Amino acid sequence: MSMEPVTAWALLSGLIFLLAALGRGPMRRWPVSMPAIYLLIGAAIGPWGLRLLDFQLIKHVKVVESVTEVAVLISLLTAGLQLKPRWHHYLRAPIPLASVTMVVTIAGVAMVGTMLLDLPLGAAILLGAVLAPTDPVLASDVQVKHHDDTDRLRYALTGEAGLNDGAAFPFIMLGLGLLGHHQLGEYGWRWITVDLLWATTAGLGIGWLSGYSVSRVAVWIKRQTNSPAACEEALTLGLIGLSYGAALLLHAYGFLAVFAAGVAMRRYAERQSDDEQPGKLMHTVTEVNDQFGHIVEVAVVVLVGALSTSYWTMASDWWIAMLVFFLFRPLGVLLALAVKDIRFSQKILISLFGIRGIGSLYYLSYAISHGLEDPIANRLAGIVLTTITLSIMIHSNVASLMMRRYAEEKDDKTSAATN
């Protein structure tokens, strides 16, 4: 009996999201992670399987760019809302990880790209910038668990993922500029002043102003009318849209703006601790945004699974992923945190938890849509999608087990100290 595509998609979508619901409950302790299962489903319905999702990255690059962009934006707002806005906490790990570790990773990948892959310098730097950011979408097992969670390991990984998805943008533009698709200016002056300095600082400033302003207005309306200021879904989307759109309008980095908007909302709620309304607002927006993020995560990882089968280069490119996971990132983490008061065991765990995912796919599709030539685009797509696939299969499956062990050891030490 033949099945209409609409019927097949309706049944498949229902089964996938039912599986996603079970993944947050009865299936949570399964030995296989839910992102890995979504990835396999995507591969099964892609070109290698049922051909229900026959996506080509270059042909449908704008769709991929838009979908992954939304996924990253939602996760960045959640990361900003979850982190306690303490400057010394950011200086301890997130900022060094989002700067030193990322630059070390980019440099390592660029060196491999030029020396071993015969890529032009611009393409090699672009590849490094695409693979360097850790993913805020797929890292739920290693991120902070609640608003008061200040565990150094989880705080470091959450803050890093929130910051480096925007901090990688200057190097994306540098790679595109060296390939002739972006103006760098004579001796790189435009890249340094606009792409590196202005876009980064302005993005953070615009996001902070947006988050603080929206929080104040929403709470003010609540006080005046004694009724909900706005439905939480609309407020969440409004905050993302306002901060992201304002940043892009002023040629700043929207990813950093959305993350900073979440941090600002959290900061406003803490400063108004004598009033329960800002705190309720922050918690509700976090919960709504988290639900949005979970739905988008399922859809995008299925898409990644389908795309991966079209650009499968595992046999030739797996070693690049291994270098990123087990050489460049650990080296970058140890350099970034060398003088920080973080236990060595925590530094090792931080170095092993750098999952690559939706953010890398967004940056790749962004580069392709901005003029990257097809031969280079196809070569980078194979490396990036192979790396993402391996990262999801390795990191997402190992993370829950290692974090469970980490929590047990921490509880044991707490009990011993108490006794």
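A helix here is a DSSP run of H or I with at least four residues, and helices are numbered from the N terminus. With that in hand, the tour can begin. The model is a predicted one.

**Stop 1: the whole chain**

Show the chain as a cartoon. The secondary structure comes to 16 helices and zero strands. Now colour the chain by burial, taking under 20% relative accessible area as buried. Of the 419 residues in the chain, 56% are buried. The chain exposes about 18,100 Å², and carbon and sulfur atoms supply 65% of that area. Among contacts with a separation of 6 or more, 82% are between residues 24 or more positions apart.

**Stop 2: helix H2**

Select residues 34–45, which make up helix H2. H2 has twelve residues. From its first C-alpha to its last, H2 reaches 17 Å, close to the 16 Å expected at 1.5 Å a residue. How many of the twelve residues of H2 are buried? Nine are, so H2 is largely enclosed by the rest of the structure. To see the buried residues of H2, show Met 34, Pro 35, Ala 36, Ile 37, Tyr 38, Leu 39, Ile 41, Gly 42 and Ile 45.

**Stop 3: Arg 51, in a loop**

Move on to the loop between H2 and helix H3 (61–82), where Arg 51 is found. Arg 51 is not a glycine, yet its phi is positive, at about 60 degrees. Is Arg 51 buried or exposed? Its relative accessible area is 55%, and because the cut-off for exposed is over 50%, Arg 51 counts as exposed.

**Stop 4**

Select Glu 65, which lies in helix H3. Its relative accessibility is 8%, so Glu 65 counts as buried. Leaving aside residues up to four places away in sequence, Glu 65 touches Tyr 362, Ser 365, Tyr 366, Ser 369 and His 370.

Next select Leu 77, which has its place in helix H3. Leu 77 has 0% relative accessibility, so it counts as buried. Which residues does Leu 77 touch, not counting those up to four places away in sequence? They are Thr 236, Leu 239, Ile 240, Val 258, Ala 261, Gly 262 and Asn 289.

**Stop 5: His 251 and helix H11**

Select His 251, in the loop between helix H10 (232–249) and H11. His 251 has a positive phi of about 60 degrees although it is not a glycine. With a relative accessible area of 62%, His 251 is exposed.

Then select helix H11 (254–271). H11 has 18 residues and reaches 25 Å from its first C-alpha to its last, close to the 26 Å expected at 1.5 Å a residue. Since 15 of the 18 residues of H11 are buried, the helix is largely enclosed by the rest of the structure.

**Stop 6: the second largest pocket**

The next stops concern empty space. Rolling a probe the size of a water molecule over the atoms shows where empty space is left.

Select Ile 95, Leu 163, Thr 200, Leu 204 and Leu 256, the lining residues that lie nearest the centre of the second largest pocket. In total, 23 residues line this pocket. The elements that give two or more residues to its lining are helix H4 (87–92), helix H5 (94–115), helix H7 (152–167), helix H8 (169–178), helix H9 (189–225) and H11. Which helix gives the largest share of the lining of this pocket? H9 does, with six residues. The lining residues divide into 19 nonpolar, three polar and one charged. The volume of the second largest pocket is about 590 Å³.

**Stop 7: the largest cavity**

A search of the whole structure finds two cavities of 30 Å³ or more. The largest cavity has a volume of about 60 Å³. Its lining consists of His 89, Arg 92, Ala 93, Pro 94, Thr 150, Arg 152, Tyr 155 and Ala 156, so select these to finish. H4 and H7 are the elements that give two or more residues to this lining. H7 gives the most, with three residues. By class, the lining of the largest cavity has four nonpolar, two polar and two charged residues.

Technical notes: Residues are numbered from 1 along each chain as its sequence is written. This is a predicted model: local features need pLDDT of at least 70, side-chain atom pairs count only at pLDDT 80 or more; totals for chains, interfaces and linings use all residues. Side-chain values use heavy atoms; hydrogens and water are left out. On a 1 Å grid over the protein atoms alone, a cavity is a set of points where a 1.4 Å probe fits but cannot get out, and a pocket is an open set with protein on both sides within 12 Å along at least five of seven lines; lining residues have an atom within 4 Å of a point. Grid points are joined across faces, edges and corners, and a volume is the space filled by probe spheres set on the points. Ala, Val, Leu, Ile, Met, Phe, Trp, Tyr, Cys and Pro count as nonpolar, Asp, Glu, Lys and Arg as charged, and the others, Gly among them, as polar. The expected span of a helix is 1.5 Å times one less than its number of residues. Buried means under 20% relative accessible area, exposed over 50%, partly exposed in between (1.4 Å probe, protein chains only). Contact means heavy atoms within 4.5 Å. Accessible areas come from the Shrake-Rupley method with a 1.4 Å probe; for residues, only the protein chains shown count as cover.
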